[in-house]
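Grab a pencil and work through these exercises with the model open beside you. Each one comes with a worked solution.

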Amino acid sequence: MAEAAKLQVIDLSSPHISSVADSIRQACVEYGFFYLVNHGVEEELIARVFEESSKFFSLSLDDKKKLLRKEYRGYSPLFAENLDPSSRPEGDSKESFDIGNLEKSNLNQWPSEEVLPHWRSTMEAYYCKVMSAGKRLSSLMALALNLEKDYFERIGALDKPECYLRLLHYPSEVVHREGENMGASAHSDYGMITLLLSNGVPGLQVCKDKFKEPRIWEDVLHVNGAFIVNIGDLMERWTNCLFGSTLHRVIPTGQERFSLVFFLFPDPECIVQCLKSCCSESCPQRFPPICSGDYLEERFGLTFGSKVD
C-alpha cells in the first residue's frame with residue numbers, strides 16, 4: 001500500500017497574504033500539489049454538481065453518445081482517452097464529459113432539459129464559482145513567484161482564459177481489456193492550475209519525482225470540502241521548472257468514483273515564456289516561448305488523436 005502524500009493546506013480566505021504566498025511556493029516546489037480550503041464554492045452547490053453528474057453517467061450509453069465529444073466538448077466513453085499513449089496502447093477505464101468556455105456557448109453540448117432539467121444551470125453556476133476561485137489563487141501564485149499580485153492579469157493570461165470543466169466517472173467494475181487497467185494513466189496536466197474535487201473514493205496518486213526510476217507513488221487523501229490543486233505544464237514552463245507539473249494517476253479500487261476537474265488555461269493568445277524571477281545565468285531559460293492556444297491544441301491532439309470523433 002502506498003504512503004500518503006504530505007500535502008500542505010492553503011486557506012484562500014486567510015488575511016495573511018505574505019504567509020499564504022510563502023506556503024504556496026513551498027507546496028509547489030516540493031510537490032506541485034496542495035489542498036485549497038475556504039475557496040468560496042458552497043457545499044450545497046458541490047453536492048448538486050455531483051448529483052447531476054451521477055444522473056448523466058447513469059443514462060444509457062445510446063443517450064450519452066448523442067453528445068459525443070466535438071471541439072473537445074461533450075461525452076467521451078470508456079477507453080476513448082489515453083493519457084499515456086507512449087507506454088500504454090489501451091485507453092483509460094473512465095468516461096468523461098467536458099464543458100468549455102461559457103462565452104463560447106455554441107460549442108458546448110448540453111443534455112436535453114426534458115431529461116436533465118437542472119443540469120446546465122448547475123454546471124454553469126459551478127464553472128463560474130471555480131473560475132473565480134482559480135483567478136484569486138493565480139494572484140497568490142504570482143506573489144509566490146515574487147511578482148506583482150496582478151501579474152497574470154497584466155500580461156493577458158486571464159483576459160479570456162480557456163478553461164474546461166471535466167466530469168469524470170470511474171465505474172466500480174470494467175470489462176477486462178488487454179494490458180494494465182488504469183482509471184487514468186500517469187500524466188501531468190497541460191495548463192496553469194487544476195482544481196479537483198472527488199466524491200471521497202480513493203485512487204488518486206502522485207509521483208513526486210517524475211524523472212526518477214522506478215517511480216514512487218503516494219496516495220492523495222480526501223479532505224472534505226477541499227480542492228486538490230496541482231500545477232500544469234504551462235506553469236512549469238513559465239517558472240522554468242521551479243514549480244513542477246507533477247505526474248499523477250488514478251488507480252482502480254473496485255469502488256465507483258466521481259470527480260470534478262477544472263482546468264485553468266491562459267487566454268489562447270497569451271505567450272508563455274520564462275518569468276524573469278525564475279531564470280538567471282546559473283539557471284537559464286529551458287523552454288522557448290509558446291502561444292498558449294497552440295500548446296493546448298498540440299497536447300489535446302496527442303491525447304485524443306483528433307478534434308472531432
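**Exercise 1.** Work out how much space lies in the second largest pocket, and which residues lie closest to its centre.

*Solution.* The second largest pocket holds about 270 Å³ of space. A pocket here is an open set of points on a 1 Å grid over the protein atoms alone where a 1.4 Å probe fits, with protein on both sides within 12 Å along at least five of seven lines; lining residues have an atom within 4 Å of a point. The volume is the space filled by probe spheres set on the points, which are joined across faces, edges and corners. Next, the lining: it has 20 residues, and P202, G203, D219, V220 and L221 sit closest to the centre. β7 (193-198) and β8 are the elements that give two or more residues to it.

This is a predicted model, where local features need pLDDT of at least 70, side-chain atom pairs count only at pLDDT 80 or more, and totals for chains, interfaces and linings use all residues. Residues are numbered from 1 along each chain as its sequence is written, and side-chain values use heavy atoms, leaving out hydrogens and water.

**Exercise 2.** Find the strand order in the open sheet of four strands.

*Solution.* Strands are DSSP runs of E, at least two residues, numbered from the N terminus, and two of them pair if DSSP finds at least two bridges between them. The order is β6-β11-β8-β9, with antiparallel pairing. β6 (184-187) and β9 (217-219) are the edges, each pairing on one side only. Now zoom in: four bridges join β8 (residues 204-207) to β11 (residues 247-250), and Q205 has R249 as its bridge partner in β11.
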